[in-house]
Amino acid sequence: MKKYSSKRSIQILAHLLQQYGIEDVVISPGSRNAPLAIHFSEVDGFNCFSIVDERSAAFVAMGMAKSEKKPVAITCTSGSAVVNYYPAVTEAFYQNIPLLVLTADRPTDFVDIFDGQTIRQKDVFHQHSYGDFQLLEDSKEGAEDINFDTIKKAIELCFEKQGPVHINIPLEEPLYELVSELPPFPTVEKTIRHKEYEIPSNLVAEWNTSQRIMLLVGTRDYSPELENQLTQLVKNHSVVVLSEVNSNLYHEKFFRHIDRYIFNFTEEDYKTYAPDLLITVGQNVVSKKVKQFLRNARPKQHWHLDEVWQPDTYFSLTEKIEVKPEVFFSKLLKYINLEPRPYFNLWDVLRDKKDAKHEQFLNTVEFSDFYFFNKASQTIPENYNIHFANSSAIRYAQLFDFGKRRMYCNRGTSGIDGSTSTAMGFAIKNANPTLLITGDLSFFYDINGLWNQYIPPFVRIMIFNNGEGNIFKIIPGPGNANPNTLDEFIATKHRKTAEYLAKHFGFSYIKVEDELTLDRVLENFFKPDVLPKILEVNTSGKNSADIQKAYFNFMKES
């Protein structure tokens, strides 16, 4: 016999989630949220996942939402458990990934009287959420109607903004009173708003009179419609499209390796290659060099296309176009001239030169992080979703061609926390296999990402372990510190490996320390197995930072 929570606020919440098609709920254990855990696990139609660590749980849910492209609910107990959600909430906020954050709380009059596990939870995510709501305790007058309207508003906002929305739920004791039957609930009339858009005539005029048009595409999910639209723009060499691996765009005329081409631009180059019309699509770009280039170039016109975010990243924003890029380009393509422009050929000559230099360098590179990324890019099966950790991993990825595989990275806040958890959440909800490529610090920082009983056997993790945060040996600045300070407090040298962690969490484990072993192992690494697999590539002591610097020095040569 099923047993449901007797709390009316929880019954209403579950009903409304079902009405809006929210099926996945990630639950972290606790007593105050036990009514939610009991109720969701008993009501038909919910997929419940138990993840103990709240920080990891929120990133797992974020990965699920990214895979499913619809909201996922997370719920935890009161107190410090709530603020452990915060890293993932900020990431979801800046990536526009829909999370419905359901935090159980003590009754409102228990706050600040030193009751156990009680903090100021109301509006705790206010700076990084699209809505903050608080339910009434069941005993309060009018609670049922007010809570119904509040929850409905919160859910619709989560869909509209495609980002995190917080519902704080004060619950009075007793918490474990259960019922065997639920009352009937009304069908909900959905009122989610959809924007209409008509392109202004002045934008068409600006396009047609611009001679140097550049589209820069940042982090975004794959969109065949957008890819087709941009293909129409480049087929006659009308525009220059710059993209990155996590832009998820694929065409031979797109410029997909920005740092290969612009890393040593001079002040004169800024003028030579500058656009007069810049159109930006998507969110964060990885390349710091392209930000430097465009901030110096100061295009006359800069349009940004996004439903939510309109950042003036390049200090030249002239048009905030609050619409999906696919909608905008479907309108624009009806009116513009797609004539060839010499600007494309200027960039194309640069690309041919730099791509040839890149291939020359690959013939000489020795075993290192650089060697590993080159080999991985050639070996990963095409049906894999690839998640890159932040720091060195995503930066190396920009230099190589991973084909038409789907690429993901937490570039909302660009932190190393949660990379593993996000990838595991994505893998749980995706039919295609998932690969995580991560550095050692990112991996060890998010060990609890593997404390997850739902990880499918086709998950693969590649760790390039250089024994430190090697990024700090690459970027300018940290090298000015004394070597001992740099190694201990910034690069944080270590001798840890993933071998025993893999065994502990039920992964197969393979370690390689040279190119011959890596080449041999990769043949079998992606073959089906009963367990997920970790491949640890030990590059410590291989001067990976010096090899990457040598690469860019080589690319400078004429």
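Modeller: Lys 66, His 387, Phe 388, Tyr 408, Cys 409, Asn 410, Ser 419, Thr 422, Ala 423 and Leu 436 line the largest cavity. On a 1 Å grid over the protein atoms alone, a cavity is a set of points where a 1.4 Å probe fits but cannot get out, and lining residues have an atom within 4 Å of a point. This is a predicted model: local features need pLDDT of at least 70, side-chain atom pairs count only at pLDDT 80 or more, and totals for chains, interfaces and linings use all residues. Residues are numbered from 1 along each chain as its sequence is written, and side-chain values use heavy atoms, with hydrogens and water left out.

Strand 14 (385-388), strand 15 (406-409) and helix 16 (419-428) each give two or more residues to this lining. Helix 16 gives the most, with 3 residues. Helices (H or I, at least four residues) and strands (E, at least two) are DSSP runs, numbered from the N terminus. By class, the lining has 5 nonpolar, 4 polar and 1 charged residues. Here Ala, Val, Leu, Ile, Met, Phe, Trp, Tyr, Cys and Pro count as nonpolar, Asp, Glu, Lys and Arg as charged, and the others, Gly among them, as polar.

The cavity holds about 60 Å³ of space. A volume is the space filled by probe spheres set on the points, with grid points joined across faces, edges and corners.

Two strands pair if DSSP finds at least two bridges between them. Strand 14 pairs with strand 16 (residues 434-439) over 4 bridges. Phe 388 stands opposite Ile 437 in strand 16.

Notes. 1 Å grid on protein atoms, 1.4 Å probe; cavity = no way out; pocket = protein on both sides within 12 Å on 5 of 7 lines; lining within 4 Å.
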